[in-house]
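Trainee: I would like to learn how to read charged residues and strands in a model. Could we go through one together?

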Amino acid sequence: MENMLWDDVISLQPDVWLWGGDAIYADTDDMLKMKKDYEMQYQQKGYTKLSEKVTILGTWDDHDYGKNDAGAEYAYKKESQQLFLDFLKVDQSDPRRTREGVYHSQEFKTPKGTVKVILLDTRYHRTALTRKDKKYVPNTFNEGTLLGTKQWEWLTQELTNSTADFTIIMSSIQVLSSQHRFEKWANFPHEVSRLFQLLKTSQAKNVIFLSGDRHISEFSKTTIKNVPYPVIDFTSSGLTHAYKGFTSEENKFRDGHVVFTESYGVLQFNFEQKKVIFQMRGNGNSILQEISQTYP
């Protein structure tokens, strides 16, 4: 069945398409099945057309990684990594083919300014979650990791050395929303503290977080001491499956309301005004919710 949103995406003539995870629902140890799932996704007419016109980057989440809520323990992560990179048409000489994890960065330069895109891998090195009463809860022992040692070192360099006007960090799981029972950065509070500290010390300009996973879309916003702009986490999730039974959920960082119908996210950059417009768009390119932010 053809996704109803690809024609809308194409009509906007985007410069870049970013996968935030769960491009397929493989959930398998059978790599032949996973390969076929990727082929089915790629062969959708709308997506094939998009891939011919637009730069496509992405990271994975649990279902295209291979197992629901899985982390470092997943036995076939090396094999699934290669299939994911095949899906993205990543060259065999690319560093992602030999490193542990699909994390990656790329700069997009325009005559008016530069946007750096950093894609994190929150699966390959992630240690076990803490579960209590069928919920994932924060690890209070300051142990475990989301990114692993090498990826943290890499991220530190990517932010510290960046001269881009804006920096997008794609995390498959939510960075700011902390009160729900599912996967989130807040399950590793020491990793959140480390990330926020890195925003301060690196002095990377105008960092924006993107996330997925939840089958809902929402904007989360907070301020961090000594970071001279509000930090936004734009969760866009539900390209094919939305949580239509959604009723309510606490999120002290939420800006606006929750969208729980099929949608995709759009970022529009205005370099002269140092302004970004964030949009959730639905079928027919209807704007379901929009915010804007001006940066220093």
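Trainee: Are E183 and R126 buried or exposed?

Mentor: A residue is called buried under 20% relative accessible area, exposed over 50% and partly exposed in between, using a 1.4 Å probe and protein chains only. By that rule both E183 and R126 are buried. Keep in mind that this is a predicted model, in which local features need pLDDT of at least 70 and side-chain atom pairs count only at pLDDT 80 or more, while totals for chains, interfaces and linings use all residues. Residues are numbered from 1 along each chain as its sequence is written, and side-chain values use heavy atoms, with hydrogens and water left out.

Trainee: Which residue forms a salt bridge with R126, and how far apart are the closest N and O atoms?

Mentor: A salt bridge is a side-chain nitrogen of Lys or Arg within 4 Å of a carboxyl oxygen of Asp or Glu. Here the partner of R126 is E183, with the closest N and O atoms 2.8 Å apart. E183 lies in the loop between strand 7 (166-170) and helix 7 (189-202), and R126 in the loop between strand 4 (114-119) and strand 5 (130-132), so the pair ties together parts that are 57 residues apart in sequence. The helices (H or I, at least four residues) and strands (E, at least two) are DSSP runs, numbered from the N terminus.

Trainee: Which residues are linked with R126 in a network of salt bridges?

Mentor: The network links R126 with D61, R123 and E183. R123 is found in the loop between strand 4 and strand 5, and is buried with a relative accessible area of 0%. A polar contact is a pair of N or O atoms within 3.5 Å; within protein, one must be able to donate a hydrogen and the other to accept it, and residues adjacent in sequence count only if both atoms are side-chain atoms. Such a contact, of 2.8 Å, joins the side chains of R123 and E183.

Trainee: How far from D69 is the nearest side chain of opposite charge?

Mentor: For charge, Lys and Arg count as positive and Asp and Glu as negative, while His and the chain ends are not counted. D69 is buried yet has no salt bridge, and the nearest side chain of opposite charge, R131, is 5.0 Å away. D69 is found in the loop between helix 4 (62-65) and helix 5 (77-87), and its side chain is joined to that of Y136 by a polar contact of 2.8 Å. Contact in general means heavy atoms within 4.5 Å; leaving aside neighbours within four places in sequence, the residues in contact with D69 include R123, R126 and E183.

Trainee: How many salt bridges does a search of the whole structure find?

Mentor: The search finds 13 salt bridges. One of them joins the side chains of K78 and E100 (3.5 Å, N to O). K78 lies in helix 5 and E100 in the loop between helix 5 and strand 3 (104-109), so the pair ties together parts that are 22 residues apart in sequence.

Trainee: Which residues lie on each side of strand 4?

Mentor: In a regular strand the side chains alternate between the two faces of the sheet. In strand 4, T114, K116 and I118 are on one side and V115, V117 and L119 on the other, and all are buried. Two strands pair if DSSP finds at least two bridges between them. Strand 3 and strand 4 run antiparallel and are joined by 6 bridges, whereas strand 4 and strand 7 run parallel and are joined by 5 bridges.
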